[in-house]
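Here are my notes for your first look at this model. Keep the sequence and the 3D view open as you read.

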Amino acid sequence: MHRASSKELNQALDLDLRGNIQPIKAMIYLIIRKAFQSNLPRIHGLGYVDFFLNNLKEFQSRHSDSLAFVMNQLQIIQKKLESLQPFLRFVAEERPYKRLQDCATQLISKAYELEYIVDACISKEAPHWCLEHWLTDITEEITCVKADLAETQEKKLRRPVIDDHKSSQLVRAPRMKEKIVGLEDVRNELRDKLTKGCQELDVIPIVGMPGLGKTTLAENLYSDGSVVEHFDICAQCFVSQVYRRIDLLLAILRDATGETPRLSSGADAADLLRKILCRKRYLILVDDVWEASAWDDLSPCFYDAKNGSRIILTTRHLEVANFARSVSEPIPLPGILAKMEKKEESWKQVANTLSSHIHGDTKAIVELSYQNLPYHLKPCFLYFGAFLEDRVIDVSRLTKLWTSEGFIKSFESESRRLEKIAEGYLENLIGKNLVVVVKRSSDGKIEACRLHDVMLEFCKEKATEENLLLWIIRMCNVAWLFVKWIILKNGARLAHLLDLYFFRSDTDICARLPVPKPGFTISRILQNFKFLKVLDLEHCIVIDFCPTDLVYMRYLSAEIDQNSIPASISNLSNLETLVLKSRGQISLPVTLRRMVKLRHLHIAQYFTISNAEKPFDDDSLKFYDLCTLSQPYFSCVEDFELMLRKAPNIRELECKFKGVCSVPFPVLDFSTQLETLHIIGEAVEFQHRYPVCISASNLKILKLSFFRLGHEHLSNIAQLQNLRAIEFDDEKWEVRDGEFPQLKVLKLMFCRSLEEWTASDDAFPNLELLFLRGLENLKEIPSCFEDNYSLKSIEATNLL
């Protein structure tokens, strides 16, 4: 009887378990997915989907067996995401409203999840049923996003066609006249611009962050008695981020005519305003313009009768000011404040009267500026929170980091490099007064930047809030670990290793680990960051290994205590930037040829490639994406030429060179892509002259260190049409008529051997900037510069 009861009980339990297994599975799946999603960053780079799609294609080919059970689902998802790429490019180019931004965020979040799922399929870390369920849900969710976008587009097409392309907002009532203090000289200067000067219509833009007093200054000028008397018509409107064109036009018409006309469309209002203004001298104040499109809505109404009419425009965005300007340069408000009297009482008055925000609500000002950034600039701005206070940031490094993090969206229709697009993003942040320029090159390119402490603190706090960055600080910042985009699967637990606290997790997406010296092995840490994209040690720790298991990594920068790199580095097939510092020569393996995605390869001191003939004997293997290369060691010209053939798109090259060639006068024929070239010779052979002819039609910067060309070959360089800057050392230099025809910047720095420098009167016909430094033995500067009318500036230091 007992045995029968036990058997029946077991059967009942078995039936009950079978009946409930599906709900249990569903519950487990939901718990896993929600835990994963809750730790995703809430702000994303629009280029992340590009990364995922590129990797997905490779994984489908390389791991077809492991992915066979989900291959159909992945291909469906791949097609859906590819069809949505134009939408993501639209988000990167325009300023879409929040609903479209939310759609973009959902799509990028799906890319994070898909990356984990594909990896779990390959590594067999999760049951098939869970991954299949997950993929099914993602497919349905992407379909819903597409449907939402289609519905939004359909509503837009059905919307009544009038010129009022923005949502309605009532025009702000004018404020009471406020007294402005401490800026009397500037105010008088601007008043003269309004009442004097050219007869053409002039737009005077005032630029600055919110709360600095743009509107106060503009309204003070607008209501000045002498200004009012000078114009026949004075009118103003307040634009803001959300507006209707017809409301703005009616506000101007109301001030211009003293009444509000009854008009039904923006076209009618624009036509009436144009007729009213066409024969009058008018002053229009257009306050708080957010976008160039708002100026496009209004500017056709402002007829230029060549009678001295003026427009005052206030904006927080420099690009809008530049777009609207006509004669006068934009006036940055920080620049205005810099001209104010340096007296304590003046600044106290400014703090009390210019704006209540200046004194007490700085964070709110930055928050407002951040919230109104375009979608694609938000992660770029918050990323500054990864840097230390008062740190001068190298722009070249910053743009590479942004690109590796997936912040930059590629455009198929454009040939621009991702780093070039990133530079444009940085210019936008600078134009919005969020980033400060520290250094520009002689041709105006930004080389270094930094953030004000207030901005930096905001970036750290906001990035933490958005789950983008996490700072872990121990013992007054003696040792710290910076972790980015952490996804915790099994829960975070603190571990201790050589006085460094760190998070341990099985599915960390990305980390950045700047740690103080003395260095130590961190391999035990890195094995827990499987989806690492960027490892930037900033040369502040010496590692004794190469992290070759982090197959998703795109950026690696470290100081390494090895003289050779293992062949397994080719496992890092996604690596785009490799920066290694060592105490001596580094030998790279032949497997380097497999890393075809490399864009930037920098090895300090210098490097050689073991068995150099082997990695390059196959003509089909080329580094088409390689843009910058530093510092390979070439033992002869033939090695030099071989590298040039294998990397045809190099833009910047710094190399160490020794030896010549069996050909008496070899020609180093560089591609049209090369813009910067630095050749370093052997110091012990400094007196030796290399019979080498350099041919590079687009070369802009040339630097020769311990590398002397023959006089006839140096003369050949003078014919390079695009050369802007040159640095070399020689005892004697003669420049003849017509040489260096396009040179705009000439830099002679630390040419300690140069004694005689002669130049004809017609040399350097387009030179604008001349930098001379460290010419200790130069007897005299050529007299041709005395009468060079194109020359704008001469900077000379340490000439004796």
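1. Start with helix α23, residues 637-646. The cover over its buried residues includes five strands: β19 (600-609), β20 (628-634), β21 (652-657), β22 (667-669) and β23 (676-680). Bear in mind that this is a predicted model.

2. Which residues of helix α23 are buried? They are Val 637, Phe 640, Met 643, Leu 644 and Lys 646. Look at the spacing along the helix. An α-helix has 3.6 residues a turn, so residues three or four places apart point the same way.

3. Now turn to the largest nonpolar core. It has 89 residues. Phe 381, Phe 384, Trp 402, Leu 426 and Leu 429 have the most contacts inside it. Helix α5 (residues 98-123) gives the most to this core, namely 13 residues. Domain 1 (13-156) and domain 3 (364-466) each supply at least three residues to this core.

4. Zoom in on Leu 429. Leaving out residues up to four places away in sequence, Leu 429 touches Leu 373, Leu 377, Cys 380, Phe 381, Phe 384, Trp 402, Leu 434 and Val 435.

5. Another core lies apart from the largest one. This other core has 82 residues, including Leu 532, Met 595, Met 643 and Phe 670. Met 643 is also one of the buried residues of α23.

6. Finally, step back to the whole protein chain. The chain holds 24 helices and 33 strands. Of its 800 residues, 52% count as buried. Among contacts with a separation of 6 or more, 61% join residues 24 or more positions apart. The accessible surface is about 37000 Å², and carbon and sulfur atoms account for 51% of that.

Terms used:
Residues are numbered from 1 along each chain as its sequence is written. This is a predicted model: local features need pLDDT of at least 70, side-chain atom pairs count only at pLDDT 80 or more; totals for chains, interfaces and linings use all residues. Side-chain values use heavy atoms; hydrogens and water are left out. A nonpolar core is a set of buried Ala, Val, Leu, Ile, Met, Phe, Trp, Tyr and Cys residues joined through side-chain atoms within 4.5 Å. Buried means under 20% relative accessible area, exposed over 50%, partly exposed in between (1.4 Å probe, protein chains only). Helices (H or I, at least four residues) and strands (E, at least two) are DSSP runs, numbered from the N terminus. Domain bounds come from an automatic or database domain assignment. Contact means heavy atoms within 4.5 Å. Accessible areas come from the Shrake-Rupley method with a 1.4 Å probe; for residues, only the protein chains shown count as cover.
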